[in-house]
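Trainee: I would like to learn how to read pairings and interfaces in a structure. Could you take me through one, step by step?

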Number of protein chains: 2
Amino acid sequence: VSNPTAPRIIGEQTLRRIITPAIAFDVIREAFRADGQGRTRVPPVINLDVPAHHGEFHIKTAYIEGVPHIAVKIASGFYDNATRGLPSGSGLIAVFDAETGLPSALLLDNGFLTDVRTGAAGAVAADVLARRNIAVVGVVGSGIQARHQVRCLRVVREFRRVVAWSPTRERLRRYCDELRAEGYEVRPAESVEEICAIADVVITTTPSRQALVRAEWLRPGMHVTAVGSDSPGKQELEAACLERADIIGVDRHSQCAAFGELSHAMTAGIERLTRVAELGNIVAQKAAGRTMDQQITIADLTGVGFQDTAIASAAVRASNQSN
Amino acid sequence: VSNPTAPRIIGEQTLRRIITPAIAFDVIREAFRADGQGRTRVPPVINLDVPAHHGEFHIKTAYIEGVPHIAVKIASGFYDNATRGLPSGSGLIAVFDAETGLPSALLLDNGFLTDVRTGAAGAVAADVLARRNIAVVGVVGSGIQARHQVRCLRVVREFRRVVAWSPTRERLRRYCDELRAEGYEVRPAESVEEICAIADVVITTTPSRQALVRAEWLRPGMHVTAVGSDSPGKQELEAACLERADIIGVDRHSQCAAFGELSHAMTAGIERLTRVAELGNIVAQKAAGRTMDQQITIADLTGVGFQDTAIASAAVRASNQSN
């Protein structure tokens, strides 16, 4: 190699082999703890729109004290790609040595690390917000996050029963088949309302732009994790859900207030937003998680740069060891 | 290759071979013209400080209508690296297809493309702001930019005589030797004042944090390009220089007002900042460049993301052709 600083290239298949749900959970929980302890630096995200091609770029980075790398994640969404037979989402993660700034690795993950760190963030949220004993998990949506959220939740909670709803029948059927093959007892639901009537933990994983979960459907003891609202205009929970919740765990207050579920509650002028807490503070035991079985809890996840730095660094280190 | 979207890796040596000063000048002039025509989108830069290791990251990107790629440039500066025998500056450029968002290439340029696009921006500025006939070029500083600025200026102006000053004698001597070997008639100066007394075009290329060029040294007909002030706290020109100038060409008003030479003039409360114009508008003939030989002109260059997208796209295209 002529270039002494040439970074290593690590592809999706290698990353899928080395980053299990259990590893992702440990890494992401530690990142939230670091955030709660004031050991992260998260600059504002770059958003670049490319309206001529119905596309957008989002660039996230963060520094975590004690983590040996800094990741810069570049994610794109180009929504005319399907007509060319190309995936709409793409991107890569550049990983740098946190002590020297030199490039360490390029992760050509095709979005896998974002998917698994988002799944793991859901598990971190459920770990501090959901009841210890749960029987039924409800999933709204039938895409990649619908899979990762269930697999990661299993790291922190015992459950076998899953009930799922999706607007697309055929995708829902495939989702149920796939989870059954992994050993879950799965049943498709007719509606989100039906899911809310029986699930102890409800996870919403859609790109919806209108509320799918109504406040009147929430029951004492329930936990809801919403992962879809990652940019302005998206919404999965009726704003009044946040009024009913006893605890609202947000992955980052500034982001959730700008475009998460929290933002819709703020727009709606709902005043009784008691107990909004950053998940980092809950994990670091600076704020309370669930204390009583009958509480209603919500997690509002928008995706934060420190999660990308944490999972990317773990991937580079695991890949070094496996070579 | 198992990953269908695996981007091509292009190294520094290839980039040095294909991106000449003349190519860089053409590409960067077109990028400024596009900016002046309102065909660019430049989101705010990400700045991430890593104080524990005396380091920093800067991330720039931009979209230019009509350019087939979008570049994301990640540049780092880690100022304790020298003690480990490592370069302080590093980084890479990720290049994406502007129509699909898919990764096209990774440019492991070790800062070369930033250096040459900055040199080219100086030539674009001189082309519209300096007199047509110049005899002597003065250079303040003896680093990489001191070299690129002279080489790129030769694309737009005929000159043979260079007079240079640097605080570091030994580096100045090497700089003069190197330029002599390229055919220039080079003389070291004793001071910046001496340079200003004889040069028609003065280029300041230092990381100085205090003014090196005094307003009283400016003479009618002179053009000054300042490229050092690329972040808060840096300054090469006394604020009063901008008061004396007839035209101040800025690469981007918002950046120059935040941390360029322009920012110091604004802090100093200098009111008579007549004729501050964005270089893009001058190149696009929406604002006037130099109109008379006796005018004093200044270019304030902070480095803009559209330059990175333009030069990176040109490099990828040239590299495709040379393969």
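Mentor: Gladly, and we start with a term: a salt bridge is a side-chain nitrogen of Lys or Arg within 4 Å of a carboxyl oxygen of Asp or Glu. Side chains of opposite charge can pair when their charged atoms come close. Here, the side chains of A:Asp230 and A:Lys234 meet in such a bridge, at 2.9 Å from N to O. Keep in mind that this is a predicted model, in which local features need pLDDT of at least 70 and side-chain atom pairs count only at pLDDT 80 or more, while totals for chains, interfaces and linings use all residues. Residues are numbered from 1 along each chain as its sequence is written, chains are lettered from A and ligands numbered from 1 in the order in which they are written, and side-chain values use heavy atoms, with hydrogens and water left out.

Trainee: Is A:Lys234 buried or exposed?

Mentor: For that we need cut-offs: buried means under 20% relative accessible area, exposed over 50%, and partly exposed in between, with a 1.4 Å probe and protein chains only. A:Lys234 has 15% relative accessibility, so it counts as buried. Elsewhere in chain A, salt bridges that share partners join A:Glu170, A:Arg173, A:Arg174, A:Asp177 and A:Arg180 into one network.

Trainee: How many salt bridges does the structure hold over all chains?

Mentor: The total over all chains is 42. One of them pairs A:Arg157 with A:Asp127, the closest N and O atoms being 3.2 Å apart. A:Arg157 lies in the loop between helix 4 (144-153) and strand 9 (161-165) of chain A and A:Asp127 in helix 3 (residues 112-129), so the pair ties together parts that are 30 residues apart in sequence. Both A:Arg157 and A:Asp127 are buried.

Trainee: Which residue does the side chain of A:Arg147 meet in a salt bridge?

Mentor: The partner is A:Glu178, at 2.9 Å from N to O. A:Arg147 sits in helix 4 of chain A and A:Glu178 in helix 5 (residues 169-181), so this pair links parts that are 31 residues apart in sequence. A:Arg147 is buried, with a relative accessible area of 15%, whereas A:Glu178 is partly exposed at 30%.

Trainee: What does B:Ser229 touch, leaving aside its neighbours within four places in sequence?

Mentor: Contact means heavy atoms within 4.5 Å. The contacts of B:Ser229 beyond those neighbours include B:Gln235, B:Phe259, B:Gly260 and B:Leu301. The side chain of B:Ser229 makes one with the side chain of B:Glu261, at 3.0 Å. A polar atom of the B:Ser229 side chain also lies 3.0 Å from the backbone oxygen of B:Lys234. B:Ser229 belongs to the loop between strand 12 (223-226) and helix 7 (239-244) of chain B, and at 1% relative accessibility it counts as buried.

Trainee: How much area is buried between chain B and chain A?

Mentor: Buried area is the accessible area (1.4 Å probe) that two parts lose on being put together, summed over both. Between chain B and chain A this is about 3800 Å², of which carbon and sulfur atoms give 72%. B:Ile46, B:Leu48 and B:Glu99 supply 14% of the area that chain B buries against chain A, more than any other three residues. In contact terms, 43 residues of chain B meet 43 residues of chain A.

Trainee: How many salt bridges are there between chain B and chain A?

Mentor: The count is 2. A:Arg84 forms a salt bridge with B:Glu99, with the closest N and O atoms 3.1 Å apart.

Notes:
Helices (H or I, at least four residues) and strands (E, at least two) are DSSP runs, numbered from the N terminus. A polar contact is a pair of N or O atoms within 3.5 Å; within protein, one must be able to donate a hydrogen and the other to accept it, and residues adjacent in sequence count only if both atoms are side-chain atoms.
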